[in-house]
Amino acid sequence: MSSSRVPLSQSTICVLLLGVLGFMMSAQVAIAMPALFKADERAHAAYAVALSQGTLPTIDTDIPDDPARYPQLAESLFGADEAHRDIWVANHPPLFYAMSLPLVWLGDAVGSPGLTLLGMRLLNALGFALTTIMVGLLARELVPRRPVVPVIAAAMCLGCGAMTFVGGGIYNDGWSSAAAFLTLYLGFRMIRQGVTRERLIAAAAVGVAAAGFRSTGLVAVLFLGACVLAAMWLREPALRTFLRGTFWRAVGIAACIGMAPVVVFGWFYVRNIQIYGDPTASSSLFEKFGREPNGTTLFQLVNPEFYGHLLGSLWTDGNIANTWSQAAVVVLTLTVAGLALDAAAKANPRRRGVLQRIDLAPQSATAHRQDLAIWALLAAYCLLILVNVAGFIAGGGWIHARYAVPFLPFLAAGAGIAALRLGRVFPFRTISTSSLQSSTTAVDEARDLRIGLGVSLAFLVVGLVCHLDTEQYVDGPVSSTFALVALVAADLVMFAVAAYVATELRRRMRPGVFDAVPTLSEPVTEIARPHARTGASPARQTP
């Protein structure tokens, strides 16, 4: 079967550019930050080293204390208590550490263990860059008729200072978040375009990877199955037809997708149960570090401080000043206000001002049902992750920015919608007077582009300033007499990329250059074709 190559849209290109900038910002941290500086870096690096030696560690396996071969690891153990001398992150599946094996072997081959540490940091930086891109693509699935929203969403990720700072450390969170988001994205694509064998194979493979990076990937796989059910249900004229026709086939397909990670990585979770008593070893880790319970899960879920710390961690994690928590307050306040105004404008629009009606491309009933299904599924995903995080904190855990990353697609898409509404407070002058360009829809799209560009650049500035507000080190993991030169070079490259991305955003986000709403054909479902019927919803038309 031949298929024509679809060129990348301007919206996608802008999101990719923001991902590149995110990688460069994290790379600057990876180069400049002292070796094993951040929490848990030592244990993550030791996991990969143990795996390279043919050992799958447990949370009680000693971190290699070999000053000759791994001097940074040995030095970091000075003064550490017994619990922190072990590979306490060994409760995680081994996929990220298996990906790091070539870096360990390379460091051993050239006699530079610092090269291994830097390589693992850059590997995580790449994962966080992909996470930024996936946040933008998920925002496009949530708001398909506002093509500027994905750009704002991706820019907001860079505006969260902790994202790029954590991206410069040795963690498995970058790739686990990217894989989980890609799993959800492929599920949403099936809701939009139908369930085909190719999409199922791709989604199952990514779901296996998500489960292999972190246990939370299993949650994404669960919702991937729910996406399959929703996609096949929406192809039917009514729920009764779905229940009588394709329901059991849909359940079978969802079960097969769910079984794929079990077949590949189920042994690891069974191993955790045998060793620690639960699949994630959380109770054993709490006991190991002497953590005290902090209320109940329900207490955390109704505690405003829990949400404040969780969202604030996106700006204050690590050695970022606590004053940056004000950025979280400002973004959250403006988002809530903008969404409230947007809802009021839809219920009772005005002729002008912030409550003015926004003319979007017409939407079919089928597309509207797809929008509702995707929003509901992502909201349910975030709710389940929220309950898991609340349970972890109630058990005695601490809040880190890594635990807030799963909520970014939902938050960033909402922030994009709110920004486009609040931006209508400012006057807008129509550039073109032609009948085509001055139509109401075209004027609204041009206004969205102006607002989106300004908000995206504002997020970039906030991210860079927060980035510079952290301490600048000249003591990276790779020892060199030219460490200062390397730091200055990393700074210059980061700013050069930031300037290039800002210029490209300004060039591409212009009326007549940026995307119009794409023409969407009726979804095609090969696995379970919809029953032939009359009166089907027509495909969405573009104006």
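Is Leu36 buried or exposed? I took this up at the start, bearing in mind that the model is predicted.

**Entry: Leu36.** I found Leu36 in the loop between α1 (10–32) and α2 (41–52). Its relative accessible area is 13%. Buried means under 20%, so Leu36 counts as buried. I then looked up the backbone of Leu36 and noted a phi near 55 degrees, which is a positive value in a residue other than glycine.

**Entry: Asp40.** I went on to Asp40, which also sits in the loop between α1 and α2. The phi of Asp40 is positive, about 75 degrees, although this residue is not a glycine. For Asp40 I wrote down a relative accessible area of 22%.

**Entry: Ser11.** I moved to helix α1 and picked Ser11 there. Ser11 has a relative accessible area of 3% and is therefore buried. Next I asked which residues Ser11 is in contact with, leaving aside its neighbours within four places in sequence. I listed Pro147, Pro150, Val151, Phe514 and Asp515.

**Entry: helix α6.** Last I looked at α6, which covers residues 113–142 and has 30 residues. From its first C-alpha to its last, α6 reaches 44 Å. How many of the residues of α6 are buried? I noted 25 of its 30 residues, and I put the helix down as mostly covered.

Conventions:
Residues numbered from 1 in each chain as written. Predicted model: local features only at pLDDT ≥ 70, side-chain atom pairs only at ≥ 80, totals over all residues. Heavy atoms only, no water. Helix = DSSP H or I, 4+ residues; strand = E, 2+ residues; numbered from the N terminus. Expected span 1.5 Å × (residues − 1). Buried < 20%, exposed > 50% of the residue type's maximum accessible area, 1.4 Å probe, protein only. Contact = heavy atoms within 4.5 Å.
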